[in-house]
Amino acid sequence: MTPARRTVILALLLHAALPAAALAQQQPPPAAAARKDACFRPKEVEAEAQVRTGIQLREILRRCAEIYPDGQKALQDWYAFDNENAEQLRAAVDQRRQALNRIYPTRTRVTQWETDSAVATMKSVQVNDGVCQSTYDVIDRLKKEKWKAFVYYSGLQQKLLAYEIPICR
């Protein structure tokens with residue numbers, strides 16, 4: 001499979017993982033929408049994309065590991081990548097949390113948004129040989145290109161977020 005085809009498959013997979021109905025729940029409540037700062041700033045969008053990309057890769061690999069022999073090795077490779085890049089990934093999680101705390105007035109709303117986001121991100125993803133193989137290819141690229149490859153894939157996710165979350169203009 002060519003790199004371009006893998007990229008297209010991953011972008012379609014990422015897009016399919018974000019059903020519109022679930023995403024509608026993620027919009028800020030009317031009171032938050034009226035506030036000028038009730039939106040994600042550019043660096044926060046980048047952090048959100050990195051968090052979602054990590055969630056998606058991990059969860060797809062977990063599902064693949066349950067049904068395909070190669071899945072467990074790829075999942076272990078993800079965990080190794082996660083450990084090697086723990087500082088950057090933790091920074092993305094922290095930046096996302098700060099944005100959510102600013103956008104949503106109560107901890108309950110932040111927690112609900114995080115839960116809705118995780119469910120919306122993964123609910124509709126069905127794994128099959130093609131999805132798993134494409135994800136294994138992503139993991140192979142992460143092993144070779146490290147953080148640079150992750151930033152590339154999270155950049156694809158970031159482009160999709162323009163339609164899914166409130167972004168400051």
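The following questions and answers concern a predicted model and the reasons behind some of its labels.

Q: Why is the pair of Y152 and Y153 called edge-to-face?
A: The ring centres of Y152 and Y153 lie 5.1 Å apart, and a pair needs centres within 6.5 Å. The planes stand at 75°, and over 60 degrees counts as edge-to-face.

Q: Which residues form the aromatic cluster?
A: W78, F81, W147 and F150 form one cluster.

Q: Why is Y153 called buried?
A: Y153 has a relative accessibility of 3%. Buried means under 20%, so Y153 qualifies.

Q: What makes Y152 partly exposed?
A: The relative accessible area of Y152 is 32%.

Q: How do you know that the charged end of R141 sits over the ring of Y152?
A: The charged end of R141 is 4.4 Å from the ring centre of Y152. The distance limit is 6 Å, so that part of the test is passed.

Q: What secondary structure does the protein have, and what share of residues is buried?
A: The protein has nine helices and zero strands. Of its 169 residues, 47% count as buried.

How values were computed
Residues are numbered from 1 along each chain as its sequence is written. This is a predicted model: local features need pLDDT of at least 70, side-chain atom pairs count only at pLDDT 80 or more; totals for chains, interfaces and linings use all residues. Side-chain values use heavy atoms; hydrogens and water are left out. Rings of Phe, Tyr and Trp (its six-membered ring) pair if their centres lie within 6.5 Å; planes under 30 degrees apart count as stacked, over 60 as edge-to-face and the rest as tilted. Buried means under 20% relative accessible area, exposed over 50%, partly exposed in between (1.4 Å probe, protein chains only). A charge sits over a ring if NZ of Lys or CZ of Arg is within 6 Å of the ring centre and within 35 degrees of the ring normal. Helices (H or I, at least four residues) and strands (E, at least two) are DSSP runs, numbered from the N terminus.
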